[in-house]
Amino acid sequence: MDCGLEWDAIVSTPLERGLAALTRLGLPANRGYPVLADYVRHELIVHVPAGTAHRCTAQGTRSLTTGSWLLVPSGLHGSVSATWLSTPHPIRPRFVDPGELSEALRQVDQTGTA
């Protein structure tokens, strides 16, 4: 999928750290926030509104925006390599706020709860 048109993505490593940040944010997995787990690269990929990925400034993250491509699993579940932890809403996906994600990642880093 071409990033930067309808959404950007923030990639955080390691996977557990990203999951701990999402827990801090209290985002329910079944509410349409597009979140992927890449088990090969051990990364968490979170979709954010287009043009906003630069607002996530936490260490250990990278932004996927205009000019980037993201290979996403087909279907609702994915595979052993990558899977949707939270599937996008089919009509109106909800996006994680990149500033809030950045702050949650910093809190995880400070408390060591990854």
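Accessible areas here come from the Shrake-Rupley method with a 1.4 Å probe, and for residues only the protein chains shown count as cover. On that basis the protein exposes about 6,400 Å², with carbon and sulfur atoms supplying 54% of it. The model is a predicted one, so local features need pLDDT of at least 70 and side-chain atom pairs count only at pLDDT 80 or more, while totals for chains, interfaces and linings use all residues. Residues are numbered from 1 along each chain as its sequence is written, and side-chain values use heavy atoms, with hydrogens and water left out.

Overall layout comes next. The protein has two helices and five strands, where helices (H or I, at least four residues) and strands (E, at least two) are DSSP runs numbered from the N terminus. Read from the N terminus on, the elements go β-α-β-β-β-β-α. The C-alpha atoms fill a box of roughly 35 × 30 × 25 Å along the principal axes. The radius of gyration, taken over C-alpha atoms, can be held against a globule rule of 2.2 Å times the number of residues to the power 0.38. For 114 residues a compact globule would come out near 13 Å, and the protein's 13 Å agrees with this. Of the 114 residues, 39% count as buried; buried means under 20% relative accessible area, exposed over 50%, and partly exposed in between (1.4 Å probe, protein chains only). Contacts are heavy atoms within 4.5 Å, and of those with a separation of 6 or more, 84% are between residues 24 or more positions apart.

Helix 1 has its own set of buried residues, namely Leu15, Arg17, Gly18, Ala20, Ala21 and Leu22. These pack against strand 1 (7–12), strand 2 (35–38), strand 3, strand 4 and helix 2. As background, an α-helix has 3.6 residues a turn, so residues three or four places apart point the same way. Glutamate 16 is also found in helix 1, but with a relative accessible area of 39% it is partly exposed. Its C-alpha atom is separated by 8.1 Å from that of leucine 44, 28 residues apart along the chain. After helix 1 comes glycine 26, with a positive phi near 70°.

Then there are the charged pairs. A search of the whole structure turns up four salt bridges, each being a side-chain nitrogen of Lys or Arg within 4 Å of a carboxyl oxygen of Asp or Glu. In one of them, the side chains of arginine 17 and aspartate 109 meet at 2.7 Å, N to O. Arginine 17 sits in helix 1 (residues 15–25) and aspartate 109 in helix 2 (residues 98–111), so this pair ties together parts that are 92 residues apart in sequence. The arginine 17 end counts as buried at 6% relative accessibility, whereas aspartate 109 is partly exposed at 42%.

Another salt bridge joins the side chains of arginine 55 and aspartate 97 (3.2 Å, N to O). Arginine 55 belongs to the loop between strand 3 (43–49) and strand 4 (61–64), and aspartate 97 to the loop between strand 5 (82–86) and helix 2, so the pair links parts that are 42 residues apart in sequence. Both ends are partly exposed: arginine 55 has 39% relative accessibility and aspartate 97 has 26%. Elsewhere, salt bridges that share partners join Arg41, Glu43 and Arg62 into one network.

Arginine 41 counts as exposed, at 52% relative accessibility, while glutamate 43 is buried at 4%. Glutamate 43 has its place in strand 3. Its side chain also makes a polar contact with the side chain of arginine 62 at 2.9 Å. A polar contact is a pair of N or O atoms within 3.5 Å; within protein, one must be able to donate a hydrogen and the other to accept it, and residues adjacent in sequence count only if both atoms are side-chain atoms. Leaving aside residues up to four places away in sequence, glutamate 43 touches Val11, Ser12, Thr13, Leu15, Leu36, Ala37, Asp38 and Arg62.

The surface also carries a nonpolar patch, formed by Leu19, Tyr39 and Leu85, with about 240 Å² of accessible area together. Patches are made of residues with over 30% relative accessible area and no salt bridge, with like charges joined within 9 Å and nonpolar side chains (Val, Leu, Ile, Met, Phe, Trp, Tyr) within 5 Å. Leucine 85 lies in strand 5 and counts as partly exposed at 32% relative accessibility.
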